[in-house]
Amino acid sequence: MTTTEEKPHEETPRDEMGQKPAGLGAQKQQKNVFDTIWDFFASLKVGIGIIVLLALGSIIGTIYPQTNAIPSPNPDAYYLEKYGKFADLYHRLGFTDTFNSWWYLTLAMALAVSLVIVSIDRGVPLYKSLKNQPVARKVLSIRTDRLYAKHEQAKEADLDTLAAALKKSRYKVRREQGALLAEKGRLPRFGAYIIHLGLIIIIAGVLTRLIPGWYHTEMVWLKQGERKEVAEVGFALQNQGFSLEFYDKEMTRPKKYETDIAVFEGEELKASKHLLVNDYLLYNNTYIFQNSYDPNAMFKSIDVDLVDRKTEQTLGHFKIDFMNIQKEYKAGEYTLKMVNYYPDLRVDEANGAYTVSTDPYSPGMRFDITGPGLEKPSNQWFLPMAPFMADVLNKDYPFLLKSTAGETYNMTGILLQKDLGVPIVYTGCAIVMWGLVLCFYFQHRRIWARLEDDVLHIGANTNKHWVGMNKELNKSLTGLGWEAPIYKPKKVK
Amino acid sequence: MDWTQLSETFFIVAFVSYIVATVLYVVGVTWGRKTAPDAKNNLFTRLGYIVMIIGVLSQTAAILARTIQTGHIPVSNMFEYMSFWAYTIMVAYVVINYFYKVPFLGAFVAPVGVAVLAYASVFPHEAKPLIPALQSYWLNIHVTTAALGEGILVISFAAGLMYLLVTTEVEKPSRARNALEFVMYLFFALVAFVALALTFKISGFEFFANPDTNPVRYGLPPIVGPSGTELGSLTAFAGIALPLFNAPSWMEGVNAPGKLNTIVWTLLGSFVLYGLLRLLSRGPVVRVVARWVRGLDEEMLDELSYRAVAIGYPVFTLGALVFAMIWAQEAWGSYWSWDPKETWALITWLYYTAYLHFRVQRGWEGTLPAWMAVAGFVVILFLLVGVNLVISGLHSYA
């Protein structure tokens, strides 16, 4: 029913916790430090303990979003502001970076160590004992098997008959004088150790991130047409066209966002692709993903009319190209000299007017306007995002600056991901799946037969699914016209 | 051909079939056992099985129709996903019963399946077009395999519960009996919630508190108001002015008063439902339910519960972890980001890993693993529902 260790054929008998008893008979086993450490990690109880602690520790890491997932570069303030006092305490205790904390990583390392030690500690003796198991088993031992059958008035030839019948059920049969061992599914018996091996490989694949040059992750934000060099991977990316579509007018549900991306080494175009989410470009072992977009649009250009406040007559117009800001603009007969430019304008009492970034999300500028009929330059604000405010500030000045048309765009968010350990992790996953299938969907079955005093004693053993073993042996024996086997069910506590 | 309408029709047929199957099974384990107490099967449970199969076939048609309509297997929002999970639970039962022949198991699995399907119905049905991150064939592979694994694990929950009902001495008060009674209560709490939510949804109830300033959406009459509201000032229900009390000010999550209100309603409804059932049972409800499994072989149930985990665990690993990691790598550039949903899938996996390792030790068969199988259902529920509704992250599409 469950995986059991095969007692009769192992070299060193173990107790149910997998511990080797210290000191057998005359030979006193000296337990030194290494043995203690080894036995600690080989213990099933400790293994379960590590698994449980990892689960509990992981739960802690889900209570509040971790620092790698919050939209703020200042976690110390963010948690207190957004979630309150409990979250602040949680943050101070280090739980906002649970999965990189010393205790969590220690548990993960302990798991890795335990996996290695357990597999050697139990896998190797198991392999040896199964490899060296004898064909001829003592009758006394066979008679205690949970699945036992007996065939009276038996001869040596009956063993051959039995061998033939079992071969039909795909058993591998070994024969000796008066004895027989039929076995199938020995590999599934190692299923658990194959799973462990797979997990160890996965952990190794994750650890390769620590090797310099194996792992790099970076978000690259590109404006329309912009080219940026990414030093760590040795090439530059250029946004040759980004399109963003929403399902709704309110722009809350994105329909698609895609970029025409180009990879340059120096001036040479090396690769290009139309990137979609889920459809990446792989260049030089680096994955280039369409990851996201800047939800805040930036100004590309604005068409501005210069209007006389009193007559409401348009005196001229000009165009501001935010990719190429000029010091001076001409509108009709007037010249506008840019005195101040705030790409992302904020105003408050303490600091006055200032900019929070170098990107034109919310531009504001001051112009000195000169031209016919002006004794001195008219110093005015142009605030395309806040025209009413501009009107208030400009109320004593002769002109109005009206934006008539504008183009905005969103930056594309390109994720660069280089992780040479990924194939290793995938291999580990495949091995884990193989181990799981072997361990849970197949069984290791063995049938011994021994001829003694004209009676053929038949005993069977399986590591799982006794009901199935019983059915199969029953079918084989009754098919030969022999007595059906007796099954002694285990008593459950 | 209006595939959506067709899908809804088949869905209703499936829902009704599952309810009928549940009734047949419950009759089968109670009244149907009276004439032949030792029989493992009777007319009612046999009929229940047939009706269950009808339901599964109908829901298969519903899923197919919806797939034709939307172009992908319907697992992209809470309604679709929970319906699909109910489907895998019923399919897992139909298949397992075919091989292992445990008809009375149906009396425990069918109500769970119905509850999950009813819970699914509370959510909006409309298939919204997929956001870019979900536009991938991996949606079909990862989510469906994970759902199948979770459905199989529910069988281990039901068999484990049956084992505990057989082996626990329910006539005498004890900690074990109280724990089992609590499990029964939790089920009634789920039923109460679903009944309330569905009733108010069908009647078209929807209420917004503070619509102009900070709207809070209520699907049930607001017994709990947003922090700072004048009591009795929002609205009235059944002649009582609401709210009766307010959410504490430290609750700052999205729609927190609405969610707290739902919890309060669920508690009230569950007390009423449980109280009624307890009166009808003239004592702990578990005493009545234990009679359903009287005479069943406990070793067989223990084995069945274990086998369900043994079969479902690899499927869950493949769907919820391996496929999820591959999709994450393809879509987000990283196979693991410690996103709450990913982490809870890992926690669920670690939980069942611990369960399997417990069983390797000799002497740990029987009661403890049965409790772990029962509690495992709660872990899965948190993974599927709790994370989506309580915690937000990359996975909060639904």
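Ala120(B) is found in helix H4 of chain B. The model discussed here is a predicted one. Ala120(B) counts as buried because 23 other C-beta atoms lie within 10 Å, and the cut-off for burial is 20 or more.

- Ala120(B) and Met82(B) are 38 residues apart in sequence, yet their C-alpha atoms are 5.1 Å apart in space.
- Neighbours within four places in sequence left aside, Ala120(B) is in contact with Phe79(B), Met82(B), Ser83(B) and Ala86(B).
- With the same exclusion of neighbours within four places in sequence, Val116(B) is in contact with Met82(B), Trp85(B), Ala86(B) and Ile89(B).

**Packing of H4(B) against H6(B)**

- Helix H6 of chain B covers residues 175-202, and its axis and that of H4(B) come within 9 Å.
- The two axes cross at roughly 35°, and the crossing of H4(B) and H6(B) is left-handed.
- On the H4(B) side, the contact is made by Ala115(B), Ala118(B), Tyr119(B), Ser121(B) and Val122(B).
- On the H6(B) side, the residues are Leu190(B), Val191(B), Val194(B), Ala197(B), Leu198(B) and Lys201(B).
- By class, the contact of H4(B) with H6(B) has nine nonpolar residues, one polar and one charged.

**Nonpolar cores**

- In soluble globular proteins, nonpolar side chains tend to be buried together.
- The largest nonpolar core in this model has 191 residues.
- The residues with the most contacts inside that core are Trp85(B), Ile89(B), Val116(B), Ile155(B), Ala158(B), Met162(B) and Val309(B).
- H9(B) gives the most to this core, with 20 residues.
- A second, separate core has 24 residues, including Leu147(A), Leu159(A), Leu180(A) and Leu477(A).

**Domains of chain B**

- The domain assignment divides chain B into domain 1 (1-129), domain 2 (153-170 + 300-398) and domain 3 (173-283).
- Domain 1 of chain B and domain 2 of chain B have C-alpha centres 21 Å apart.
- Their contact takes 14 residues from domain 1 of chain B and eleven residues from domain 2 of chain B.
- On the side of domain 1 of chain B that touches domain 2 of chain B, helix H3 (78-100) and helix H4 (106-122) of chain B each supply at least two residues.
- H3(B) gives the most to that side of domain 1 of chain B, with eight residues.
- By class, that side of domain 1 of chain B has 13 nonpolar residues, one polar and no charged.

**Domains of chain A**

- For chain A, the domain assignment gives domain 1 (33-129), domain 2 (144-185 + 445-487) and domain 3 (298-405).
- The C-alpha centres of domain 2 of chain A and domain 3 of chain A lie 97 Å apart.

**Interface of the two chains**

- Between the chains, 48 residues of chain B are in contact with 45 residues of chain A.
- Helix H9 (298-332) and helix H10 (340-360) of chain B are the elements that give two or more residues to the side of chain B that touches chain A.
- H9(B) gives the most to this side, with 16 residues.
- The residues on the side of chain B that touches chain A divide into 26 nonpolar, 13 polar and nine charged.

**Loop residues**

- Gln153(A) lies in the loop between strand E1 (147-151) and helix H7 (156-168) of chain A.
- Phi of Gln153(A) is near 45°, a positive value in a residue other than glycine.
- Gln153(A) is classed as exposed because 8 other C-beta atoms lie within 10 Å, where the cut-off is 12 or fewer.
- Asn285(A) is placed in the loop between strand E9 (281-283) and strand E10 (286-293) of chain A.
- Phi of Asn285(A) is near 65°, again a positive value in a residue other than glycine.
- Asn285(A) has 12 C-beta neighbours inside 10 Å and so counts as exposed.
- Gly283(B) is found in the loop between helix H7 (256-281) and helix H8 (285-292) of chain B.
- Gly283(B) has 13 C-beta neighbours inside 10 Å and therefore counts as partly exposed.
- Gly283(B) and Tyr98(B) are 185 residues apart along the chain, and their C-alpha atoms are separated by 36 Å.

Key
Residues numbered from 1 in each chain as written. Chains lettered and ligands numbered in written order. Predicted model: local features only at pLDDT ≥ 70, side-chain atom pairs only at ≥ 80, totals over all residues. Domains from an automatic or database assignment. Contact = placed C-beta atoms within 7 Å. Helix = DSSP H or I, 4+ residues; strand = E, 2+ residues; numbered from the N terminus. Nonpolar A, V, L, I, M, F, W, Y, C, P; charged D, E, K, R; others polar. Axes fitted to C-alpha atoms, helices over the stretch in contact; angles between N-to-C directions. Left-handed = near helix turned anticlockwise from the far one by under 90°. Core = buried A, V, L, I, M, F, W, Y, C linked by C-beta atoms within 7 Å.
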